[in-house]
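Here is a friendly walk through the model below. Keep the viewer open and follow along, heading by heading.

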Amino acid sequence: MSEERKKRETPLLDELESGPWPSFVKEIKKSDTAMADDLLGVLERSYEEKIGHWKHGGLVGVMGYGGGVIGRYSDVPQEFPAVAEFHTMRINQPAGWFYTSKALRTITDIWERHGSGLTNMHGSTGDIVLLGCKTQELEPVFAELTAAGFDLGGSGSDMRTPSCCVGQARCEWACYDTMGACYDFTQTYQDELHRPAFPYKYKLKFSGCPNDCVASVARSDMSFIGVWRDDIKVDAEQVKAYAAGGKLDIQKDVCDRCPTGCMRWDGATLAIDNANCVKCMHCINAMPKALAPGDDRGAAILIGAKAPIVGGALLASVFVPFIKMEPPYEDIKELLSRIWDLWAEHGKNRERVGEFIQRVGLGNFLEQIGLDPVPEMITAPRANPYIFYQDTVEEEA
Amino acid sequence: MSVSVDQVAEAMFQLVTETHGKKSLKAMDLTKAMIEKFGAAECDKELCKHAIRQLMDSGRCIYSYLGGSYITLPPDKA
C-alpha cells in the first residue's frame, strides 16, 4: 500500500532492539511501510506519555459476520494518518496449526496487498492474527481469504475460534483425536462463531493429555483434556533401563514428586496405585519410554477458566470426569447446548460462564442444566462447598 | 409454528429501528422480545437465530462492538 512516508524517531522503542532476544520493534521495522512507520511512531508516543492511543470496537466488520474483525482507531489520526484505521482481523487457524508453505504464502501475500503485512502467529485464542487494515480493505481481504479456503475466527460475544494441540498427529500421549474434535466443533457451531449471541466470549480448547499444551485449563471456558481411566501402562524392562542409566533417580525424581504419593519403588519394581492416580503426567513425562497412558482413553471436561480481563483469572474445574471422545460427540453437544441456553438467558453482559457459575452457585447451575454432582467437582473436601447434599441423599449414601 | 422467519426478522428489525440510539440490543434481547411477542409455542430460539442471520446477510442490520456485541442499524440507514 503506497502512502506518504514520514520517518519517526523512536529512541525508547529502539532500546527494545538491543539484547539477544527477539524484538517486535526489529520485526516491525523490517516491513518498511508507512503503516509500520506510524505504528512505531504512535507506540513511541504512548511510551513517552504512558497512555494508549487506540480506540477499540465500533461498527467495522464484514457482511453477515459479527466476529473476526476488531475495530481499532488511532485517537491522534492527524499525526499518524497511516494508522488512523488499524483494524485487526482474526483468521480461523487450521487445527493443530499445521500449514503448508503455500498456505502461509497465500495468507501473507493477501495481507501485504491489503493490510499492513504485520501478523501475529498466533493470538492467545489460537487464531492467525492479521494486524492493521483500513475499513475499505476488510471485504477484499475477506473475499480473497475465503476464496483460498480460509475463514474469519471469532471475536466479541461469540464462540471464539476453537483450538487444539497437535494431538494424535504428532503426540503419542494424545488420548483422543484433538484435531478431529476441534474441526468438528468448529464446523458444527459456525453460527455461534460468526454471529455473537452470548453474554460474552466462550472458548473451547482441546488438549490430548493432561500436559495441556494449549493451556485449556487456564484459557478456555470449556476445556477437553485427554485422560485415561484404566491403569498406566508400565514397561518393566524400560523401568530397569532408566534405573540402570543413572540419569534418573526413580525414587527422588518420580515417586517423591507424585502429587498423591501413589507410586512405590523398591529398587527393582515400580508399583502404581492407579486408583489414586490423578493423571498429572509427571511420571510419564519423566520416563516416557517406560510409562504411557492406559488404553481406555477419553477426556475430562472442565469448565470456567478465563484470563484476568474484566474480573480476576479463573482456572477451570472438573465438570465431567471422563467421557469417550467419539464423533459425532452428541452427548457433549447436548451438554454444551444446555449450558449456552442457561448462560445466554441469565448471564450478565461481559460475564464469562465461570463467573456466572460463581454467581449462581455450582449446585444451582448443575440443577438447571440437569447434570448430577460428582465428587471430582470438589477440589478438596470442605474447600469449595458448591454442593449441598440433602439429608435424604446423605441417608441413602 | 405458523410464524415465519420473515415475520420474526421484520419484527426484530422494527424493534432495532425503534430503539436505535436509545437502547443497545443484544441477540438474546431480541430473542426474548420475539418469544414474548409471538409466544413460546410459535417462536423459539432457533427461529430467532435464523431471523438474525437473515437480517445480517441482507445487510439490514449489522453487529457493533461496544463492550459487548450488539445488533444495530448500518450507519447509512440509521
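## A hairpin in chain A

Strand S5 (residues 115-121) of chain A and S6(A) are joined by 5 bridges and run antiparallel. Two strands pair here if DSSP finds at least two bridges between them. Helices (H or I, at least four residues) and strands (E, at least two) are DSSP runs, numbered from the N terminus. S5(A) and S6(A) form a hairpin with 6 residues between them, and A:Gly126 in the turn has a positive phi of about 125 degrees. Within this pairing, A:Thr119 has A:Leu130 in S6(A) as its bridge partner.

A word on the source before going further: this is a predicted model, in which local features need pLDDT of at least 70, side-chain atom pairs count only at pLDDT 80 or more, and totals for chains, interfaces and linings use all residues. Residues are numbered from 1 along each chain as its sequence is written, while chains are lettered from A and ligands numbered from 1 in the order in which they are written.

S2(A) pairs with S4(A) over 2 bridges in the antiparallel sense, and A:Val69 has A:Met89 as its bridge partner in S4(A).

Is S6(A) enclosed or open? In strand S6 (residues 128-133) of chain A, 6 of the 6 residues are buried, so the strand is largely enclosed by the rest of the structure. Buried means that 20 or more other C-beta atoms lie within 10 Å of the residue's own; 12 or fewer makes it exposed, and in between it is partly exposed, with C-beta atoms placed from the backbone.

S7(A) runs parallel to strand S8 (residues 204-207) of chain A, joined by 2 bridges, and A:Cys164 has A:Phe206 in S8(A) as its bridge partner.

Helix H6 (residues 178-188) of chain A has several buried residues, including A:Met179, A:Cys182 and A:Phe185. The buried residues of H6(A) pack against S7, helix H7 (190-194), S8 and strand S9 (222-228) of chain A.

## Domains of chain A

The domain assignment, which comes from an automatic or database source, gives chain A domain 1 (11-147), domain 2 (163-228 + 298-396) and domain 3 (233-292). The centres of domain 1 and domain 2 of chain A, taken over C-alpha atoms, are 31 Å apart. Their contact takes 10 residues from domain 1 of chain A and 16 residues from domain 2 of chain A, where contact means C-beta atoms, placed from the backbone, within 7 Å.

Chain B has 3 helices and 2 strands, and along the sequence they follow the pattern α-α-α-β-β. Its C-alpha atoms fill a box of roughly 35 × 20 × 20 Å along the principal axes, and 33% of its 78 residues count as buried. The contact between the chains takes 19 residues from chain A and 17 residues from chain B.

B:Pro74 lies in the segment after strand S2 (69-72) of chain B. Why does B:Pro74 count as exposed? Because B:Pro74 has 12 C-beta neighbours inside 10 Å. Leaving aside residues up to four places away in sequence, B:Pro74 touches B:Gly59 and B:Ile62. The C-alpha atoms of B:Pro74 and B:Ile62 are separated by 5.8 Å, with the two residues 12 apart along the chain.

Terms used. Two residues are in contact if their C-beta atoms, placed from the backbone, lie within 7 Å.
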